[in-house]
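Please consult the sequence and the structure while reading.

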Amino acid sequence: MTDEPARKRILVADDADTITTLLDTALTAGGYQVVVARNGVETYEMGKSGDIDLVILDHLMPGLLGIEVIEKWRSEGVEVPVIVLSGVDDDTTLVSSLEVGAVDFVRKPFRLNELMARIRQRIPSGA
Amino acid sequence: MNGIDFGRVAVLVVFVFNGLLMLSLIVGKGVHRRRIKSHERRRVAYLTLLSRQLAAPDRSVEMGSSIAGDPAFLDALIDIRTSVVGSESDELSWIVGRHGVMETYARRLERRFPVTPRLNAAVALAEVADESWAPLLMDHLGDREPEIRIQAARGLARVKWTPAIDAIVERFGVETPWVRTRFEDTLLTFGSKATWPLVAYVRVNHKFDSLGPAAAIRTIGRIGDRDAVQSLIAILQSSQDPEIQIAAIEALGILGVPLAMPSLERTFLSDDWRLRAKTATALAMIAEREAIPILTTGLEDPNWWVRRNSAAGLARHREGIRNLHKAIQSTDPFARDAAAEALADVGEVIAARERIDAGSATVDDVELIRFIESELAVKA
């Protein structure tokens, strides 16, 4: 019997159940463990726990904006990598997200294959 | 039965009737709530099913024949379709095609069905935006139901079906104001491809109709295609219809091409105050600085809308603001009022007060505050 490697844990933070369902299904199929948050405050709290390997973060969420969540994490020393997934199609949001510490930015609507490739690039070992 | 018994029976009947009514309302509400919950459960289940297919496409998977007519499936499909692009979008189209989803909605669009399912079908066809359904949507641009006409146009615009442009524009003259407004919004999706069909429609119809061509001109302005300026100038010069002239002035203002200035300077001398008022705004939009002399004359116009729009136009430029300050000292009370309002709108009154407090006020600042305070004193 071999020890199964611990599955990487991804936090999907989005208030739209379409996105969370889609990503939950795709990431689970890709060998990741998925947890879901539906608002900014919940995301902030879950990200602080220290057992998250990557966050896929919506920009516009109730409670706290995606950028605000990253700012709070970084100011408290939480360095979890964040990919911002945003329907806000302007360069200001993109630049601000990267400046506050997001590692990547993907616009909605998105290509699932492309997002999965970007995730694998950050945390290669799904299972 | 005496009078008292009859009264009792009547009260009892009313009481029972009210009770039944209340009961039916409660039951109806409960049924409705259960339907919504069931719809939501099915939508989430379909979302998961579709997500699985997108994550690991397996074309042997059968989703069941019931999905074709289930509105919950349609909602899930629309939600997910607006979230993904590329090969995932193609995969969704394949799923829809395989299960005959759109064929079901196309059948429901037939005129023999009641309005609600027909309307739902039109929304479905518009949302899914599949080019192969464009001919069917073209047939329904003239549907007897206004909302179906709107959805048909929207669906055609979503797939950028250019033959639809002429068909939509042609309906400008016969549509209700609501549908026409929605058609205007739809045509914006086509961008400058809609410019020349709109211009052609206006050229042919502006002497016989008013509302349709005016709506078409407004749409040209909103599209923002500057190639249409010459045509709009020609229409402005040849039309005697104020609705069309106003629309043309407004569109020329939005397009902002200085070529239109001479024509607009002429309409600023029109006997019709509506044309003068629109022209004041358009002139300021085209050339803030060059329009200052003519807008300054507008401060003394007998109509208050013209004075107001001229003052607002002057307030867009530093030099114009100087002229507004001068107008405060004018003997014309109308010019003073219009100038004061425009200066207040751009924050000049607050700025003047601050400069007075800081000891750096100009004569204009002092005059402006004196005028405002004397006006307030009169009103008090």
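## Positive phi angles in chain B

In this predicted model, B:Lys160 is located in the loop that runs between α7 (146-158) and α8 (163-170) of chain B. Although B:Lys160 is not a glycine, its phi is positive, at about 50 degrees. B:Lys160 counts as partly exposed because it has 15 C-beta neighbours inside 10 Å.

A further loop of chain B, between α5 (115-128) and α6 (134-139), holds B:Ala129. B:Ala129 is not a glycine either, yet its phi is positive, at about 50 degrees. Is B:Ala129 buried or exposed? It counts as buried, because 20 C-beta neighbours lie inside 10 Å, and the cut-off for a buried residue is 20 or more.

Such angles deserve attention because most residues other than glycine have a negative phi.

## A cis peptide bond in chain A

Which two residues of chain A does a cis peptide bond join? The bond links A:Lys108 to A:Pro109, with an omega of about -5 degrees. A:Pro109 belongs to the loop between β5 (104-107) and α5 (112-122) of chain A.

## The contact between the chains

Chain A places 14 residues in contact with 17 residues of chain B. On the side of chain A that touches chain B, α1 (17-29) and α5 of chain A each provide at least two residues. The most is given by α1(A), which contributes eight residues to this side. By class, the side of chain A that touches chain B comprises seven nonpolar, four polar and three charged residues.

Note on methods
Residues numbered from 1 in each chain as written. Chains lettered and ligands numbered in written order. Predicted model: local features only at pLDDT ≥ 70, side-chain atom pairs only at ≥ 80, totals over all residues. Helix = DSSP H or I, 4+ residues; strand = E, 2+ residues; numbered from the N terminus. Buried ≥ 20, exposed ≤ 12 C-beta atoms within 10 Å, placed from the backbone. Contact = placed C-beta atoms within 7 Å. Nonpolar A, V, L, I, M, F, W, Y, C, P; charged D, E, K, R; others polar.
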